[in-house]
Amino acid sequence: MFSPEQENISPSSTSSSKVPVKYGELMVLGYNGSLPNGDRGRRKSRFSLSRRPKANGVRPSTVHAACTAQAAKAISNKDQHSISYTLSRGQTVVVEYTHDNNTDMFQIGRSTESPIDFVVTDTVAGSQSNSDTQSVQSTISRFACRVMCQRTPPYTARIYAAGFDSSKNIFLGEKAAKWKTCDGQMDGLTTNGVLVMHPRHGFTEDSKPGVWREISVCGNVFTLRETRSAQQRGKMVEAESQELVDGSLIDLCGATLLWRTAEGLSRTPTVKHLEALRQEINAARPQCPVGFNTLAFPSMRRKDTPDEKQPWVYLQCGHVHGYHNWGSHRDRDRLDRDQEEREPGRSRECPMCRASGPYVPLWLGCEASFYLDTAPPTHAFSPCGHVCSEKTAVFWSQIPLPHGTHTFHAACPFCAQQLSGEQGYVRLIFQGPLD
C-alpha cells in the first residue's frame, strides 16, 4: 500500500517544486496493496517512475554488420549500450545505442542486478506468502523490458521488449525471432515476448478491453505469435503504437503490470478514500440475517486475516452473512473456519434463498489503482471474495489476461485468481440493522 504522501501527484503539480515530475506508476496485478511478505527495495508490488536528476535514455545510432572490430568493441565497451542480433554462428549484427538527453529509461525484469529498476517475479494466483512462489520455475525474462519516458510534457512513455544487462548489452541469440527491416535496421522478439493491451476509452468508467499485441525490441507492434515462444513473428500493426496510455496492461509471461499515468492517478480513489468507504459500510452496521450479529470489514492493514465480525458471502446469490458452520452439502458435516478457508470451493446452501454455491469471506480491494471510479464497494469477485465498485468488477471481468504460454482468462486484479461463475462477480446483498 502506498503512503498518502505519494498519492496522486500529477506532473503539473510538481513542476515548480523540488518533488521530481512523476511520469506514472506500474502495479503488478495479483497483489492487494503490497507483496505478501511486504515490499522490499526494488522488489515491490508497485513502482513509481519519476524524472531522473540526469537523463539516462538511449537511442539507436551505428549499425555494425558481421563480426567487425567495431562490433566487437561496441559489445566489450561497458560504457556503450548495444544490441547484438546473432543471425548465424558466423554472422552477428550489432546496433550501437547512444545517449539521449530527452528521455529517462526504466528497466523491468526478474534479475536483481543493478540495471533493473523494478524486480518482478512470477505471480501465483491467491498466494499468501513469497514462499508460495519460489517453487515455480520462472518464465519471466531476467531483463524483460524497458520503458522510455519523455522528460518534457506530455511525458510520453514508450515500451520496448528486452532490457540492457550489467554490461549494457542485449543479446538476441540464434533461436530468438529476429529480422532485418525494410529500412535496413534490425529488430527482434524476446523468447516469451512482451505483450501489451491498451484499453479503449482509457482507464475510465467507459473503459472497454483492447486487443493484445506483442512489442518488439525496437518498440514495433505485432499481432500475437501462435504460441508465446514460436519462432514466427506475427504481422506488423503499423497503425498502433508502443506508447503507453492510462490503463495499459503489460504482460511479461508470468506477471502482468498495469500502467497508470500521473494524470490518471489523480482521478483515482486514494487509500484514504477506500478507508473512508470501509468505515462508512461498517457505520451502517450490516447484520447477519440469521445470527443477527453485526458485521464489519477488518482494517485495511489486516487484509488477509479473517476476523470474528468478517462478512461472508454466498457467491451464487450475493447474500452476506457472518460466519456459520452449517449448510454444507458434503455429508452435511459441520465445518470449522480453518477448514472452510482451506477448501473455499465447497458448496453451501444460502439460508435466505436456498441457492447453493461457494461460501467465502469478503476482503476489501486495497490497491486503489485498480479501481475505475470512486463508487462504493458493492460487488465481489468470484471465487475469491475481493470487494470493489461495480464498474471496477465489470471491467476486470471482461479483460482476458494471458495465462501460461497460449491461454487467456479473466482474473481478480487483487489476487490473480481466475474468475468463475456466469459473470465472474456478484452484487452483494447486505441486511441493515433491525433497530
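**A walk through the chain**

Author: Let's begin at R260, which touches G24, E25, M27, F203, D246, G247, L265, T268, S369 and Y371, leaving out residues up to four places away in sequence. Keep in mind that this is a predicted model.

Reader: Where does R260 sit?

Author: R260 is part of strand 17, residues 256-261.

Reader: Is R260 buried or exposed?

Author: Buried. Its relative accessibility is 1%, and the cut-off for buried is under 20%.

Reader: What does the side chain of R260 make a polar contact with?

Author: With the side chain of D246, at 2.7 Å. There is also the backbone oxygen of S369, which lies 2.8 Å from a polar atom of the R260 side chain.

Reader: Let's zoom out. How many helices and strands does the chain have?

Author: Six helices and 27 strands.

Reader: What share of the residues counts as buried?

Author: Of 435 residues, 54% are buried. The chain exposes about 19,700 Å², and 48% of that comes from carbon and sulfur atoms.

Reader: And the contacts between residues at least 6 apart in sequence? How many of them join residues at least 24 apart?

Author: 63% of them.

Reader: Now the largest nonpolar core. Which residues touch the most other members?

Author: L49, I108, I159, I250, L252 and L257, out of 48 residues in that core.

Reader: Take L257. What does it touch?

Author: Beyond four places in sequence, L257 touches L26, M27, V28, I108, F118, V120, S248, L249, I250 and L252. There is also a second, separate core of 33 residues, with F203, C366, A411 and C412 among them.

Reader: Switching to helix 4. How many residues does it have, and how far does it reach?

Author: Helix 4 covers residues 271-283, so count 13 residues. From first C-alpha to last it reaches 18 Å, close to the 18 Å expected at 1.5 Å a residue.

Reader: Which residues of helix 4 are buried?

Author: V271, L274, L277, R278, I281 and N282. They lie on the same side of helix 4, because they cover an arc of only 135 degrees around the axis.

Reader: Why would residues three or four places apart point the same way?

Author: An α-helix has 3.6 residues a turn, so residues with that spacing point the same way.

Reader: What is on the face of helix 4 turned away from the buried side?

Author: The exposed residues K272, E280 and A283.

Reader: And what covers the buried residues?

Author: The cover of helix 4's buried residues includes strand 22, residues 363-364.

Reader: What happens just after helix 4?

Author: R285 takes a positive phi of about 50 degrees there. Most residues other than glycine have a negative phi.

Reader: Which other residues have a positive phi?

Author: A162 is one, with phi of about 75 degrees, although it is not a glycine. C253 is another, with phi near 60 degrees.

Reader: Where are A162 and C253?

Author: In loops. A162 lies between strand 9 and strand 10, and C253 between strand 16 and strand 17. A162 is buried at 4% relative accessible area. C253 is buried too, with 4%.

Reader: Where are there cis peptide bonds?

Author: One runs from P153 to P154, with omega near 5 degrees. Another joins S382 and P383, with omega about 15 degrees. P154 is in the loop between strand 8 and strand 9. P383 is in the loop between strand 23 and strand 24.

Reader: S382 again: what is Y425 in contact with?

Author: S382 is on that list, along with H379, A380, F381, A393, V394 and S397, once neighbours within four places are set aside. Y425 is in strand 27 and counts as buried at 16% relative accessibility. Y425 and S397 are 28 residues apart along the chain, and their C-alpha atoms are separated by 7.3 Å.

Reader: One last stop, H319. Where is it found?

Author: H319 is in the loop between strand 18 and strand 19. It is buried, at 17% relative accessible area.

Reader: How far is H319 from F430?

Author: They are 111 residues apart in sequence, and 6.5 Å apart in space from C-alpha to C-alpha. Beyond four places in sequence, H319 touches W312, V313, Y314, C350, M352, C353 and I429.

Technical notes
Residues are numbered from 1 along each chain as its sequence is written. This is a predicted model: local features need pLDDT of at least 70, side-chain atom pairs count only at pLDDT 80 or more; totals for chains, interfaces and linings use all residues. Side-chain values use heavy atoms; hydrogens and water are left out. Helices (H or I, at least four residues) and strands (E, at least two) are DSSP runs, numbered from the N terminus. The expected span of a helix is 1.5 Å times one less than its number of residues. Buried means under 20% relative accessible area, exposed over 50%, partly exposed in between (1.4 Å probe, protein chains only). The arc is that of the directions from the helix axis to the C-beta atoms. Contact means heavy atoms within 4.5 Å. A nonpolar core is a set of buried Ala, Val, Leu, Ile, Met, Phe, Trp, Tyr and Cys residues joined through side-chain atoms within 4.5 Å. Accessible areas come from the Shrake-Rupley method with a 1.4 Å probe; for residues, only the protein chains shown count as cover. A polar contact is a pair of N or O atoms within 3.5 Å; within protein, one must be able to donate a hydrogen and the other to accept it, and residues adjacent in sequence count only if both atoms are side-chain atoms.
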